[in-house]
Amino acid sequence: MTEPSPQEVLFERVTIVGIGLIGSSLARALRQHGLAAHITIADNNPDHVKRACELELGDTVTTDAAAAVRDADLVVICTPIGAFGAVAQSIGPSLKRGAILTDVGSVKQAVIAAVAPHVPPGVHFIPGHPIAGTEHSGPDAGFAALFAGRYYLYTPLPDTDPVQAEKLAELWRRCGAKVEPMEPAHHDQVLAITSHLPHLIAYTIVGTATDLAGDLQQEVIKYSASGFRDFTRIAASDPTMWRDIFLGNREAVLGIMQRFSEDLTELQKAIRKNDGDALFELFTRTRAIRRGIIDAKQA
């Protein structure tokens, strides 16, 4: 492989633990932008390791995560959230002093609780979350431009070294992301409504369709309009990842589900009462949210 020029390198050695959509996209982005002199990839799935080798995603590829992180300046945990605690426990003793340890999980409080106890003194643990993705998974799913124009939120801890946090933020900026800090609990509340609830609704609606009688189910599939197609795309996301997200952000998700349930009840009442004004007012307000997303270039 062509080595990046020295002046471009931000981290000498980067280890990515987990080579799914986000991990493989990060590996490609690091290579494309010359951000690491050496990329090591660790994954406990031998098929993923084999494919990562074939795709040349890393300079070193292994199933041994503890060995993979030994000399790394930056370690990024990209496994499903439910595995974070076990991964941290496994790699903790091998992390070198001065290294940055981060993650890409969609939940932050649960990640901190699972990982922080296994971080040795002298290692900088800085949780993070790139708000980017597709419904696809695995080493082949990634692409270097996944983070371009998307937000990366990092949630520094009270003792986080601001110099190290800025270095991590700069890496994501060079991958094309818009970088902002956020308090962990606030992050989880925001993501509960912007990401987690929509996925829960999608899984529920598509699940309802699978319970329909055979002929009706086939017609739903055959005549799917754009709304249902969008739900099926979301509901095709990695089930392991989303199981872990819902359990990891349980309190925030349950809170926003309760509010959504109350709003849904009000909508039922408006339809039952033939209250066109209430429906029109709701639909007018919600259009403004879509315009805001477009204006923010997150559409």
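**Exercise 1.** What should helix H12 (residues 276–295) span at 1.5 Å a residue, and how far apart are its end C-alpha atoms?

Solution. Keep in mind that this is a predicted model.
- Step one: H12 has 20 residues.
- Step two: the expected span is 1.5 Å times one less than the number of residues, so at 1.5 Å a residue H12 should come out at 28 Å.
- Step three: the end C-alpha atoms sit 29 Å apart, which agrees.
- Now step just past H12: Lys-297 has a positive phi of about 60° there.

**Exercise 2.** Work out the strand order of the open sheet of 3 strands, and find its edges.

Solution. 
- Step one: the order reads S7-S8-S9, and the pairing is mixed.
- Step two: S7 (128–130) and S9 (178–181) each pair on one side only, so they are the edge strands.- Step three: from one strand to the next, the twist averages 15°.
- Step four: S7 and S8 (residues 151–154) run antiparallel and are joined by 3 bridges. Gly-128 stands opposite Tyr-154 in S8.
- Step five: look for the helix lying across S7, S8 and S9; that is H6 (residues 162–174), running at about 165° to S8.

**Exercise 3.** Where does pLDDT stay under 50?

Solution. 
- Step one: start with the whole chain, which averages a pLDDT of 92, with 97% of the residues scoring at least 70.
- Step two: pLDDT stays under 50 over residues 1–7. For that stretch the model has 10 contacts beyond four places in sequence.

Technical notes: Residues are numbered from 1 along each chain as its sequence is written. This is a predicted model: local features need pLDDT of at least 70, side-chain atom pairs count only at pLDDT 80 or more; totals for chains, interfaces and linings use all residues. Side-chain values use heavy atoms; hydrogens and water are left out. Helices (H or I, at least four residues) and strands (E, at least two) are DSSP runs, numbered from the N terminus. pLDDT is the predictor's confidence in each residue, from 0 to 100. Contact means heavy atoms within 4.5 Å. Two strands pair if DSSP finds at least two bridges between them. Axes are lines fitted to C-alpha atoms, for helices over the stretch in contact, and angles run from 0 to 180 degrees between N-to-C directions.
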